[in-house]
Amino acid sequence: MKTAATMGAMKAARTRAEMAKNAGQDPVSLLQEAGQHVASTAAGALQLSRYSLGYSGSNVSSSEIAQILTAFHAMDAWNEITLIASRCGAGSLPLKAAYDQAMQLRHAAAHNADANTQPLDLQAFCSQAIAIALGFDVVASRAARLLKEGDPEILTKKIRLSDRLSFRFLDHEARGYVERKEGIGRAVKVTKNAEDALKRVVRNAQKVHEPVVSRDARGLPVSWIATDVM
């Protein structure tokens with residue numbers, strides 16, 4: 001985290017400033033903001049620059065995603081992302097392999113005039129991208145809260161966050177919007193109005209820091225709320 005907040009932020013901010021300058025924008029304010037955040041690592045409350053993580057290049061590789069979560073002391077990043085997505089109904093396909101394959105398809109489409117990217121491949125990755133984002137957000141949010149609260153275990157070593165997570169689901173069914181707790185088949189509550197249902201499930205989940213995952217009629221996750229950072 002210290003390396004990301006200092007060297008990583010400064011290196012990425014310089015690159016972004018050059019891009020801003022080439023685009024006719026003001027690079028100075030960008031560098032000044034990043035400099036203030038880097039200076040905060042010397043004393044006082046840490047301000048993590050937006051450029052600290054995931055800005056080392058034009059694209060974000062699967063290894064960078066793992067590095068970001070590792071910086072928050074999360075163990076076994078990609079397996080955790082896959083496990084969490086699976087628990088939420090997104091299937092058990094290893095998501096690191098799916099991400100790497102999508103990166104290859106993207107590079108081929110961008111740089112090879114003869115590339116033949118199939119619509120089915122794009123449709124498949126749309127679902128996989130949601131699953132990856134869900135897993136990443138849940139892990140990062142839980143780790144960030146534990147670090148902020150000074151949890152002694154995560155402060156001293158990398159830990160497996162999925163062991164500390166339980167989910168609350170909001171399923172869209174014919175009878176309405178069904179609130180469920182992970183591992184319990186029966187409904188906690190069935191509500192006809194979507195907005196009322198979401199407010200209720202978030203209120204219940206916040207009490208015990210459960211991520212809320214909304215699922216469609218097929219049982220696939222479509223949106224979520226990480227209550228750890230609310």
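**View A. Glu-33 and its salt bridge to Arg-50.** Glu-33 is partly exposed, with a relative accessible area of 27%, where buried means under 20%, exposed over 50% and partly exposed in between (1.4 Å probe, protein chains only). Its side chain meets that of Arg-50 in a salt bridge (2.9 Å, N to O), a term for a side-chain nitrogen of Lys or Arg within 4 Å of a carboxyl oxygen of Asp or Glu. This pair links distant parts of the chain, Glu-33 lying in helix H2 (27-39) and Arg-50 in the loop between H2 and H3, 17 residues apart; helices (H or I, at least four residues) and strands (E, at least two) are DSSP runs, numbered from the N terminus. The model is predicted, and local features need pLDDT of at least 70, side-chain atom pairs counting only at pLDDT 80 or more, while totals for chains, interfaces and linings use all residues. Residues are numbered from 1 along each chain as its sequence is written, and side-chain values use heavy atoms, with hydrogens and water left out.

**View B. The salt bridge between Arg-142 and Asp-228.** The side chains of these two residues meet at 2.8 Å, N to O, and both Arg-142 and Asp-228 are buried. Arg-142 belongs to helix H6 and Asp-228 to the segment after S5, 86 residues apart.

**View C. Asp-151 with Arg-164.** The closest N and O atoms of this salt bridge are 3.3 Å apart. Asp-151, at 17% relative accessibility, counts as buried, whereas Arg-164 is partly exposed, with a relative accessible area of 30%.
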